[in-house]
Amino acid sequence: MTHIKNLLSAGDVDRDFAIHLLDVAEGMSDVNDREIKKLPTLRGKTVVNLFFEDSTRTRISFELAAKRLSADVINFSAKGSSVSKGESLKDTAQTLEAMGADAVVIRHHASGAANVLAHSGWIQGAIVNAGDGTHEHPTQALLDAFTMRKRIHGNASSGKGLDGVKVAITGDVLHSRVARSNLLLLNTLGAEVHFVAPPTLLPANPANFNATLHYSLDQVIDIEKPDVVMMLRVQTERMTASYFPSEREYARIWGLNSDRLVRLKDTALVMHPGPMNRGLEIDAVSADSPRSTVLEQVANGVSVRMAVLFTLLSGERA
Ligand code: CP
């Protein structure tokens, strides 16, 4: 098992370390089920949430995770800060370093921003990538894996990977940091990954990805019979061209709807990282069905982020 100082990519964790993180998250999940949801583990440590891009789930769950571990938490949002006066990432980072940050959780619109922070020497503490552009979102991949493992293996999850689990990641793969991080982690944990998307929303270099590519969601549902269908948000804010004829066409061909839902195998899970475009990539029946893990993913995000902060900050370092 290789310990890490920073979590920048889902590819940073080897199989043993990934399973270790998921097992620690199981323990944190037990804490989150208690009446008093607090551990003294990170008392005296300071965690900075540095968010240059909007977020609901990730920002709040990192804040809750750090507080449940008794760390001091500083929430920094670019909106309303001196970034709007032109302050650079370097000066912002050095200001946080001067205030004694032990960990910086960063979300940024630029791919590679977390790597820059980690390798710049501006900050000595641990860096956690909370989503950088279209690049990676490693804690989302961990919470997705945790959710799959818990649903598939139940109380016998501990120590297990996701060997042989067939996951169909569907939709706007091109712009999705969630898809990229999930691919890396799912490969590490032994799952079989299928990308399902219109040709315009698949990466230009598919041979570089250890996934099987499909253009028809109907064929994947009927022939591949996936254990998990993970729907991706259509990221119109990152689109600079017309990638599909209309939203109506996209929903008809690529959306998960009640007709497709009933054709999934009995045990199949429906996942979505959120935020959802209801009526576009997923309809309300699918999003709210008993197969849907959307809210479990949110709850599990707190446990997984507790595990990540605990592991990086509690001295379990190389
Ligand atoms: N899944 C996810 O990253 O959601 P937020 O953008 O709300 O953090």
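This is a predicted model: local features need pLDDT of at least 70, side-chain atom pairs count only at pLDDT 80 or more; totals for chains, interfaces and linings use all residues.

Trainee: Which residues are in contact with L39, leaving aside its neighbours within four places in sequence?

Mentor: They are M28, V31, R34, R68, L69 and S70. L39 itself sits in the loop between α1 and β1 (46-51). For a contrast, take S77: 38 residues from L39 in sequence, with 26 Å between the two C-alpha atoms.

Trainee: S70 is on that list. What makes the phi of S70 worth a remark?

Mentor: The value is near 70 degrees, which is positive in a residue other than glycine. Most residues other than glycine have a negative phi. You will find S70 in the loop between α2 and β2 (72-77).

Trainee: Now the wider layout. What are the domains of the protein chain?

Mentor: Domain 1 covers 10-137 + 298-314, and domain 2 covers 138-292. Their centres, taken over C-alpha atoms, are 25 Å apart.

Trainee: How do you know that domain 1 and domain 2 touch?

Mentor: By the contact rule, 33 residues of domain 1 meet 32 residues of domain 2. The two domains also bury about 2,700 Å² between them, with 58% of that on carbon and sulfur atoms. R15, L22 and H137 supply 25% of the area that domain 1 buries against domain 2, more than any other three residues.

Trainee: Why is the pair D163 and R15 called a salt bridge?

Mentor: The rule asks for a side-chain nitrogen of Lys or Arg within 4 Å of a carboxyl oxygen of Asp or Glu. The side chains of D163 and R15 meet at 2.9 Å, N to O, so the pair qualifies under that cut-off. This pair links distant parts of the chain, 148 residues apart: D163 is in the loop between α5 (138-153) and β5 (166-170), while R15 belongs to helix α1.

Trainee: How many salt bridges are there in the whole structure, and how many between the two domains?

Mentor: The whole structure has 18, and the count between domain 1 and domain 2 is six. E53 and R177 also form a salt bridge, again with 2.9 Å from N to O. Across the interface of the domains there are 17 residue pairs in polar contact.

Trainee: Which element gives the most to the side of domain 1 that touches domain 2?

Mentor: That is α1, with nine residues. The residues on this side of domain 1 divide into eleven nonpolar, twelve polar and ten charged.

Trainee: And the ligand: which residues are around it?

Mentor: They are S55, T56, R57, T58, R107, H137, Q140, P273 and G274.

Trainee: Why is the peptide bond from G274 to P275 called out?

Mentor: This bond is cis, with omega near -5 degrees. Most peptide bonds are trans. P275 is in the loop between β9 (269-271) and α10 (284-287).

Methods
Residues are numbered from 1 along each chain as its sequence is written. Side-chain values use heavy atoms; hydrogens and water are left out. Domain bounds come from an automatic or database domain assignment. Contact means heavy atoms within 4.5 Å. Buried area is the accessible area (1.4 Å probe) that two parts lose on being put together, summed over both. A polar contact is a pair of N or O atoms within 3.5 Å; within protein, one must be able to donate a hydrogen and the other to accept it, and residues adjacent in sequence count only if both atoms are side-chain atoms. Helices (H or I, at least four residues) and strands (E, at least two) are DSSP runs, numbered from the N terminus. Ala, Val, Leu, Ile, Met, Phe, Trp, Tyr, Cys and Pro count as nonpolar, Asp, Glu, Lys and Arg as charged, and the others, Gly among them, as polar. A residue is near a molecule or strand if one of its heavy atoms lies within 4 Å of it.
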